Amino acid sequence: MAAPSVKAVRGWSGLALGVRGVVLRLPGLTQVRWSRYGPEFQDPQTDKEYYRKPTAQLTEEEKYERELRKTRFIKAAPATKTSSVFEDPVVSKFTNMMMKGGNKVLARHLMTQTLETVKRKQFEKYHAASAKEQATIERNPYTIFHQALKNCEPVIGLVSILKSGRFYQVPVPLADRRRRFLAMKWMITECREKKHRRMLMPEKLSHELLQAFHNQGPVVKRKRDMHKMAEANRALAHYRWW
Amino acid sequence: MRERSGTPNFREVGRERNYGRQFESTSCSLETLRGSSALYSAGTMLKGMTRLISRAHKAKHGEQQEGQHYNIPHQDLKTVFPHGLPPRFVMQVKTFNEACLMVRKPALELLHYLKNTNFAHPAVRYILYGEKGTGKTLSLCHVVHFCAKQDWLILHVPDAHRWVKNCRDLLQSTYNKQRLDQPLEASTWLKNFRTSNERFLSQIKVQEKYVWNKRESTEKGSPLGDVVEQGITRVRNATDAVGIVLKELRRQSSCGIFHLLVAVDGVNALWGRTTLKREDKSPIAPEELAFIYNLRKMVKNDWNGGAIVLTLSQTGSLFKPRTAYMPQELLGEEGFNALDPFIPILVSNYNPKEFQSCIQYYLENNWLQHEKAHTEGGMKELLFLSNANPGQLERLCAYL
């Protein structure tokens, strides 16, 4: 992975209403991951409880925030963001990462089948276990999913830094979102590439998730390998300048 | 959403048919023949019932039990349902370690009619129809289980669509050169038939001599079990064995040794189109398949001593639009004429009481694991997303 590219400074949107104007260009830097919305746009609030709170119970800041939202522009909510009580941003992100060619229907179907398979496997184990063990068996597929991904997140990562004509693998702290991304990416890649071709994705994924939940399996092994490499290259930490 | 009127409009004004009851509702003739009462034997069937909130006492299946679940013991599952349960229900049975069916109005209506059948009259045809996922197959299974408990002979064809598509080997029939045999499907069906009706196979005797080939034949007066064994061991003659079984049962049902229940799921397959082709790529019509030809004769009401319960199904059907659910649309002209005097029974989505009962059942079994699913908002959302459709609700709750 190359050194992270510095995001260019945001453009000034004084004239046009929210549409970006000319961006300040610095030599040698290209802007990546930007949005057409200006900085004054607020994110959409889809939480029903937020709107149901009676006015008497609001604190001063909340009242101020509500007044502010009345005057500001609000971004359009994406199609995947709903006010459903069952919505989970981690599950949505994982579904998006599994999606190929924009086929969200298939990706969502695979995700729901995975959760169902995890649940059924755990129920089988529960019915086969004795009364004492039954208390330890977790049957909620969502807790298993979250815990498994948490167990796969690396704490420290490696970055290739070019110094005097050679690339060195330097240990570097990772941002939260990078860690979550890596966990999900490793999980999906493991299931896609290392398993038998005829095995279906929900089956593979459920197996891997259950293994990661118990801190076993190839994805957790990959995380530990990453940690060991970082530990081994401890001496190169000085090459990092940020 | 398609608007459904109270009394579905089956035909144009010209044709006049009486769809009312064709039998008297006087005392059932079961008692004279069977000796036991027409209700379930309560004692052995009740499991150790610690969870009683939504469970029905099996002895009484009346109006007050509507919406409650009743349990089918595992032993019964193996004998009565070697085939015939929908695959998602089989998964649920495996996960929960119990088979619980909800008692619903269409099934109750059918059971009432069956309890009052007059076995001297020709067999009455009942057709369960409804939109996709409303519970037609499970209502049929409920009725089949009831009749099995009453010691009827069950002729259960789990999914007629499986016979008109995806068939690997088709042999030219030895009995009739124009027709085609399906050895694999016929032999599996015979095995399941044997499992569910063991006790009758030795009692019923064949009334004709059947010659299979130069060396094998079944004599007159030998038990029906022999024909079934022949069909299972000699897979080439399996379809003919099925035809013989159907013919003998039809002939002998009026004698009064047994009551015959013909239960066919997806009966619209018998009069639709097939996706099967001969070696020269010419399409095969359903009547050219020997099994379909014999089954059509079975579903005609020219025999007495039992009942015929049928289900329409769009799910496995070929060349029918997804929104079609009425008998006229799914059966077509030919099929409708063939089945014409029948009693239609509409199976619809859950009413609020049944919906609550279903959710209660899932909560009792801890199937709804999501924290928000237990809340008021969660249940309202489930109702909205599934529209009280039993199939959709089951699929939603599977991953929550």
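Q: Why is the pair Glu116(A) and Arg88(B) called a salt bridge?
A: A salt bridge is a side-chain nitrogen of Lys or Arg within 4 Å of a carboxyl oxygen of Asp or Glu; the closest N and O atoms of Glu116(A) and Arg88(B) are 2.9 Å apart, so the pair meets that rule. Two salt bridges are counted between chain B and chain A. This is a predicted model, in which local features need pLDDT of at least 70 and side-chain atom pairs count only at pLDDT 80 or more, while totals for chains, interfaces and linings use all residues. Side-chain values use heavy atoms, with hydrogens and water left out, residues are numbered from 1 along each chain as its sequence is written, and chains are lettered from A in the order in which they are written.

Q: What makes residues of chain B and chain A count as in contact, and how many do?
A: Contact means heavy atoms within 4.5 Å, and 24 residues of chain B are in contact with 16 residues of chain A.

Q: How do you know what area chain B and chain A bury between them?
A: Buried area is the accessible area (1.4 Å probe) that two parts lose on being put together, summed over both; for chain B and chain A this comes to about 1,900 Å², with 55% of it on carbon and sulfur atoms. In chain B, Gln369(B), Glu381(B) and Tyr399(B) lose the most area to chain A, together 34% of what that side buries.

Q: What makes strand β3 of chain B mostly covered?
A: Buried means under 20% relative accessible area (1.4 Å probe, protein chains only), and six of the six residues of β3(B), a strand spanning residues 124–129, are buried.

Note on methods. Buried < 20%, exposed > 50% of the residue type's maximum accessible area, 1.4 Å probe, protein only. Helix = DSSP H or I, 4+ residues; strand = E, 2+ residues; numbered from the N terminus.
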